[in-house]
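Dear colleague,

Please find the structure below, with notes on what turned up in it.

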Amino acid sequence: MAIRVALHHRTEYRYDRLVTLEPHVVRLRPAPHCRTPIVSYSLSVEPADHFLNWQQDPYSNYGARLVFLKPAKSFSVTVDLVAEMTCINPFDFFIESTAEKYPFAYDTVLARELIPYLEQQPGGPLFDALVAETRASGLNTIDHVVHLNRRLNELISYVIRLEPGIQTCEETLTKKSGSCRDSAWLLVQLLRHQGLAARFVSGYLIQLTADVKSLDGPSGPEKDFTDLHAWAEVYLPGAGWVGLDPTSGLLAGEGHIPLACAADPISAAPITGTYSWSKRDDSDTCREDFSFEMSVTRIHEDPRVTKPYTDRQWRAIESLGHEIDEVLHAGDVRLTMGGEPTFVSIDNRDAEEWNTAALGPHKRERAGVLFRRLRDRFAPGGMLHFGQGKWYPGESLPRWALGCYWRKDGEPLWHNPDLVAEDNRDYKIGPQDARHFVELLAKKLGVEPKLAIPGYEDVWYYMWRERRLPVNVDPLASKLDNPEDRARLAKVFQQGLDRVVGYALPLSRVNTGAGSFWQSGKWFLRDEHMFLIPGDSPMGFRLPLDSLPWSAPGDRQQVLTRDPFERVGPLPPTPDYFARATTDSYGRTISRTPKVQPRLGTSDTPVPVGQSDPGVVRTALCVEPRGGTMFVFLPPIGLFEDFIDLVAAIEATADELAIPVQLEGYTPPHDDRINHFKVTPDPGVIEVNVHPAG
């Protein structure tokens, strides 16, 4: 709903004796073509002894014809109306093709109907010079009339003039000043002398103070304001009557409420009529006092971008919400609701990423800031996951998806937010740091550190790509058509084909009747080194899993998830993997790092050709330094209890090495005992998938 305002207008005439009021006509009712919605309207007239008949004049203006029954010493008219200040685009119209360019000619029928609005009054030297100066040819019609309106605004200064009547055009131009009615009549005559039908408009002008100050122009009135006003309307084929306000130099908008429109200003006067009295002698005169009052009051306005809820409104909303919660709780009504609010940036609004494009560098940076703020608001102990989301046709990679996961029981899933690496920050992390990280993590998980295998870019593939380049092209600055191919090739050759991309630790969770533990195993590959599948995705998505030893379908390890209908108890406490070494009575250091567990049938030699290898661990955790930041790729895990254990070990490793990390890869398994929200990109916006909440 827009802003609703109540307009009050009272006009009063007082006489020093009883007078006979002749029939009057009051033109203070919004005209039929008024575009501002009028919610309610009332007209009150005193003295009460009168007849009132509504009629429409030849111009279709509403007129209240008043016939008074008794002499009176006063006469007053009070108008009260409620208007809805819905924003109106004054340029929301089309012009017929025959009238798009100025000058144009009205068709025969229309020209005959517009005769009263084409009638010209003789001007003078200044007026004739103005007509000649502003006459144009070949311009767009709307540009021409806008120019005329603006020209008068620049030429004529606005003054409040209490004298009755309207100045002649020559008089207004000579003084270079006039009231709104003087400027309006000057514009009407200027338009008519240029062959354009125009009429005079009398109406209300409502101006509301702006919510915020303008940055590049006048901010408008300091307080809400209303007054009787006058402007002009020009008739454009296809568009109809278009309002032009020379006092402001703008087109008429929602604040312009027309009351009466006419070819001559006298027919648009708000109140017309006369009175008589019994004279004592020829010199006897009746003294008349005139007064009026006008006001506009906001009676309803909804919160909006420029004027959101006040603190008082927020307190009322919050108080009502708590009352409703109490009623629902008393009735054992359990209600949750999610949502998908969207956000845009206040900066660089014209960029494609804030209008049509789903991805963009500024969007990812803003999303990261919003992501962490939401974590602090909803889940201070939550785990941040920097993963991949939806993959749309025509896009080379899945879009990024930022997820925050936390336990409903209140126990932290990730304790120290400082151990979450910031976006686009170079921590100077390299392959050697990744090796130390994965080896320490393996020890904490109880698996052999030596089973972590380094990954390299596929040297044979990139050498083949290099051989295909023209002899006069540098691989570091190739001319490939695809920009992603160019960037990838330059990056690989710049860092070197012999550089370790990261480390993969084969890892899976084994659950037996005697307990559960982490298991690793050796990967046997045909190549001497593990070469990653070429691409731009994280290392964990580029592992050469097809090169692992073959296993019969029945022998392959499966990542099994819990039945969603299975009854489960509370989640276990978060394991304590933090290195807190103690000493015994002899002064020897006692380590709390778990002992290495057996690997359940894995072997240091591959099985013979043709036989199934049931012991291959086909999931892996990857540690990859990328852009100076440490990324840990999580493998798929079936139970959230096991996920808690792995994340605890990763955080403890990051804490011991003082290396902040970002977690990526597979998301946690579904579990009703956890909650989460996601921040993802969408065309033109950042979308937040809010968790269901009470």
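**Helix H5 and its surroundings**

H5 is followed by Gly-195, whose phi is positive, near 85°. The model is a predicted one, in which local features need pLDDT of at least 70, side-chain atom pairs count only at pLDDT 80 or more, and totals for chains, interfaces and linings use all residues. Residues are numbered from 1 along each chain as its sequence is written, and side-chain values use heavy atoms, with hydrogens and water left out. Helices (H or I, at least four residues) and strands (E, at least two) are DSSP runs, numbered from the N terminus.

H5 has 14 residues, and from its first C-alpha to its last it reaches 20 Å, close to the 20 Å expected at 1.5 Å a residue. The expected span is 1.5 Å times one less than the number of residues. Of the 14 residues of H5, 14 are buried, so the helix is largely enclosed by the rest of the structure. Buried means under 20% relative accessible area, exposed over 50%, and partly exposed in between (1.4 Å probe, protein chains only).

Asp-182 belongs to H5, which covers residues 180-193. Asp-182 has a relative accessible area of 0% and is therefore buried. Leaving aside residues up to four places away in sequence, Asp-182 touches Arg-161, Ile-166, Gln-167 and Thr-172; contact means heavy atoms within 4.5 Å.

Helix H2 (residues 125-134) crosses H5 at roughly 60°, and the two axes come within 10 Å. H2 is therefore oblique to H5. Axes are lines fitted to C-alpha atoms, for helices over the stretch in contact, and angles run from 0 to 180 degrees between N-to-C directions. Angles under 35 degrees count as roughly parallel, over 145 as roughly antiparallel, 65 to 115 as roughly perpendicular and the rest as oblique. From H2, Phe-127, Leu-130, Val-131 and Thr-134 make the contact, and from H5, Leu-186, Gln-189, Leu-190 and His-193.

**Helices H8 and H11**

Helix H8 (residues 431-445) packs against helix H11 (residues 640-657) at an angle of about 130°, with the axes 9 Å apart. This pair is therefore oblique as well. Residues of H8 in the contact include Phe-437, Leu-440 and Leu-441, and those of H11 include Leu-646, Ala-649 and Ile-650.

**Backbone and loops**

Most residues other than glycine have a negative phi, and most peptide bonds are trans. Which peptide bonds are cis here? The bond joining Glu-46 and Pro-47 is cis, with omega about 10°, and so is the one from Tyr-102 to Pro-103, with omega near 5°. Pro-47 sits in the loop between strand S3 (38-46) and strand S4 (50-56). Pro-103 is in the loop between strand S7 (101-102) and helix H1 (108-113).

Asn-424 is not a glycine, but its phi is positive, about 55°. It lies in the loop between strand S22 (400-407) and H8, and is exposed, with a relative accessible area of 78%. Ala-658, also not a glycine, has a positive phi of about 55°. Ala-658 is in the loop between H11 and strand S32 (661-665) and is exposed at 63% relative accessible area.

Ala-210, in the loop between strand S11 (198-207) and strand S12 (225-236), is partly exposed, at 41%. Its C-alpha is 8.1 Å from that of Glu-222, twelve residues away along the chain.

Regards
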